[in-house]
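Here is a short report on a structure. Look it over first, then read on.

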Amino acid sequence: MIAVVIPIAMTLFAVAALLNLYRLAIGPDIVDRILALDTLMINSIALIVLADLKMGLGVLFELALLIALMGFVSTVAMSKYLLRGDVIE
Amino acid sequence: MTSLDMPWTLQLVVAAFLLVGALVALIGSWGLAKLPDFYTRLHGPTKASTLGVGCTLIGSLLYFSHQQDGVSVQEALVTIFLFATAPVSAHMMGKAALRRRLGSVAGSQNPPER
């Protein structure tokens, strides 16, 4: 049952990533592109976790945690730069 | 993948978590692609994608806690980190959008000052 569900879930997350790429391409303002990149990071975490489930390894969570950390820090840094004109004041 | 020794109830719960998480994340990204202005687009992915990835991670936690010895805490760590950081990044993006005075759809309450 799980072996049937995992490819379906990966397909749905891939469609979600394509929708994020669409918004990243057409986004009218740069804040829309930051939001699209942040959502793409979150969806890629789920794709990594699903690939780990499919391979049955149980070792890729450090990768997921690292990508979550990098996505959060980069989003906050770009928003802070747009907000104040400087990242670290 | 060897899920043959799992009881079918646990397989059903894990499969339901994975499927519901993927559907909710897809709805959030659809909202990001479809909604008209930035303030409504911010609403979709920050709630739905976090909940969808959280459901996927809980399904993975249940699976690996059964397959391996002991509770698999790494997924819980990723889930807690996402739930703690998603509102912060959404707040920062909303403040940046207000600072740039992005337009909102007609009829919205308390529009950003021009």
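## Burial in chain A

A residue counts as buried if 20 or more other C-beta atoms lie within 10 Å of its own, with C-beta atoms placed from the backbone. By that rule, 38% of the 89 residues of chain A are buried. The model is predicted.

A:Ala14 gives an example from helix 1 of chain A. This residue has 14 C-beta neighbours inside 10 Å, so A:Ala14 is classed as partly exposed.

## Fold of chain A

Chain A has three helices and zero strands. Read from the N terminus, the order is α-α-α. The C-alpha trace spans about 50 × 30 × 15 Å along its principal axes.

The radius of gyration of chain A is 16 Å, whereas a compact globule of 89 residues would have a value near 12 Å. Among contacts in chain A with a separation of 6 or more, 46% join residues 24 or more positions apart.

## Fold of chain B

Chain B holds four helices and zero strands. Its elements run α-α-α-α from the N terminus on. The C-alpha atoms fill a box of roughly 60 × 25 × 20 Å, taken along the principal axes.

Of the 114 residues of chain B, 41% are buried. Residues 24 or more positions apart make up 59% of the contacts in chain B with a separation of 6 or more.

## Helices 3 and 4 of chain B

Two packed helices are described by the angle between their axes and the distance between the axes. Helix 3 of chain B covers residues 43–67 and helix 4 of chain B covers residues 73–99. Their axes are 9 Å apart and meet at an angle of about 175 degrees. The two helices of chain B are therefore roughly antiparallel to each other, since angles over 145 degrees fall in that class.

Helix 3 of chain B contributes B:Thr46, B:Thr50, B:Val53, B:Gly54, B:Leu57, B:Ile58, B:Ser60 and B:Leu61 to the contact. Helix 4 of chain B contributes B:Glu75, B:Ala76, B:Val78, B:Thr79, B:Leu82, B:Phe83, B:Ala86 and B:Ala90. By class, the residues of this contact are ten nonpolar, five polar and one charged.

Helix 3 of chain B is mostly covered, with 18 of its 25 residues buried.

## After helix 4 of chain B

Most residues other than glycine have a negative phi. B:Arg101 has a positive phi, near 55 degrees. This residue sits in the segment after helix 4 of chain B. B:Arg101 counts as exposed because it has 10 C-beta neighbours inside 10 Å.

## Where the chains meet

How many residues of chain A are in contact with chain B? The count is 44 residues of chain A, in contact with 49 residues of chain B. Helix 1 (2–26), helix 2 (30–55) and helix 3 (61–84) of chain A each supply at least two residues of the side that touches chain B. The largest share, 15 residues, comes from helix 2 of chain A. That side of chain A has 31 nonpolar, seven polar and six charged residues.

Terms used: Residues numbered from 1 in each chain as written. Chains lettered and ligands numbered in written order. Predicted model: local features only at pLDDT ≥ 70, side-chain atom pairs only at ≥ 80, totals over all residues. Contact = placed C-beta atoms within 7 Å. Nonpolar A, V, L, I, M, F, W, Y, C, P; charged D, E, K, R; others polar. Buried ≥ 20, exposed ≤ 12 C-beta atoms within 10 Å, placed from the backbone. Axes fitted to C-alpha atoms, helices over the stretch in contact; angles between N-to-C directions. Parallel < 35°, antiparallel > 145°, perpendicular 65-115°, else oblique. Rg over C-alpha atoms; globule rule 2.2 N^0.38 Å.
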